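User: I'd like to learn how to read a few features in a model like this one. Can you walk me through them?

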Amino acid sequence: MNIALLGSTGSVGKNALKVIDSFADLKVTVLAAKQNATLLYEQAVRYRPKMVVIYDEKKRKDLAKALPFTQVVSGLDGLMESVRLSDVDAAVFALSGSKAVGPCLAALEEGKRILLANKEILVSAGSLIMQACERKNGLILPIDSEHAAIHQCLRSGKKSELKKIILTASGGPFFRYSKEELSAVTLAQALKHPKWSMGSKITIDSSTLMNKGLEIIEAMHLFSLKPEEISVVVHPESIVHSFVEYRDGNLIAQLAEPDMKIPLQYALTYPERREIKKSSFSFVENPSLTFYAPDRKAFPCLALAEKALREKSSFSCALNAANETLVERFLQEKISWKEIGEKLEEILSLHQSRDLLSLYDVRQVDLEARSKALEV
Ligand code: MG
């Protein structure tokens, strides 16, 4: 299988390369990164892809000069071109942000298999993406641990037999913090996730529980579920990655060590299950698995995402875009952690939700929400 790896210099991308390294039949055809030209250069020298994409236009020339053996393109157009290449079989979406919606649609239109780590794609354009997937008889495989878990749990029953899915949340670094404590949290604290080492956007989303919010919206589209079939439970150990409850009272759980390579390998080698170099999971070393209800008052981002499940599609598109901008502002230390949720509530309280019928609609709502999020 020839793979376009979009987001190759991020944490998912680097882990994907480790999985690809262990199987001779997995090959890298495209490498794409946002701006880390140094690492992208090293990866390109090692993997010799057909095409390299550097999202940052300013860095294209130098990179092209340094990589004479391959084609170097840039920007959104570069991403689109790269996923359309005829020898690409599957595209791994490991870059963050809703900018990936267009390239994902393009890849589906060309009949490529989609391996999805990016959450913003389905949150901002879930209906469009799933319709394109259906029309093209495509396949979207999740890489996110929770969705990979549900994907596996769903293999033990029929869709019509399902009662609900239960997504687990680690709770993030501020699990059980009081309102007062949450008012004083710093950027450095928010960037320290207790279980996973990931990029800054998703790490902040985990601290606000927006990560779980995006995941429930994503799950609704990916598995075509009704809002009432989706629930969340906090599970700080991050060993159970999700459950599916069937109508007959049976619950199927998927458990694994919190290691990104496990869901990555599941998606990259699907429908096979191949050997992984790991010692067996030890229940004795992990004797306690605990579960708690999420605190929606302290973490309003989760409540907003749950509301989005019941609204028309522009609501989740705006929620995602405004959140991306607010997280960026928090990372620049222009707003406080608590203001991410507060400002998001304020923006969405004025949003009149409507159906998004085209990529143009998605972009309009996305841009509008971004500019609002810069003003509030
Ligand atoms: Mg996850």
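Predicted model: local features only at pLDDT ≥ 70, side-chain atom pairs only at ≥ 80, totals over all residues.

User: Which residues coordinate the magnesium ion, and at what distances?

Analyst: Asp144 (OD), Glu146 (OE) and Glu215 (OE) do, at 2.1 to 2.3 Å. Glu146 and Glu215 are both buried.

User: How do I read a sheet, and in what order do the strands come here?

Analyst: In general, strands of a sheet pair through backbone hydrogen bonds, parallel or antiparallel. Here 7 strands make an open sheet, ordered E4-E3-E2-E1-E5-E6-E7, with parallel pairing. From one strand to the next, the twist averages 20°.

User: What packs on the sheet?

Analyst: Helix H1 (residues 11-21) does, touching E1 and strand E2 (27-33), and its direction makes about 160° with that of E1. Helix H2 (residues 37-47) lies across E2 and strand E3 (51-54), at about 170° to E2.

User: Is Lys343 buried or exposed, and why?

Analyst: Buried means under 20% relative accessible area. Lys343 has 12% relative accessibility, so it counts as buried. You'll find Lys343 in helix H15 (residues 337-349). Leaving out residues up to four places away in sequence, Lys343 touches Leu326, Arg329, Ile335 and Val376.

Definitions and conventions:
Residues numbered from 1 in each chain as written. Heavy atoms only, no water. Donors = N, O, S within 2.8 Å, 3.2 Å for Na, K, Ca; no water. Buried < 20%, exposed > 50% of the residue type's maximum accessible area, 1.4 Å probe, protein only. Helix = DSSP H or I, 4+ residues; strand = E, 2+ residues; numbered from the N terminus. Contact = heavy atoms within 4.5 Å. Pairing = 2+ DSSP bridges. Axes fitted to C-alpha atoms, helices over the stretch in contact; angles between N-to-C directions.
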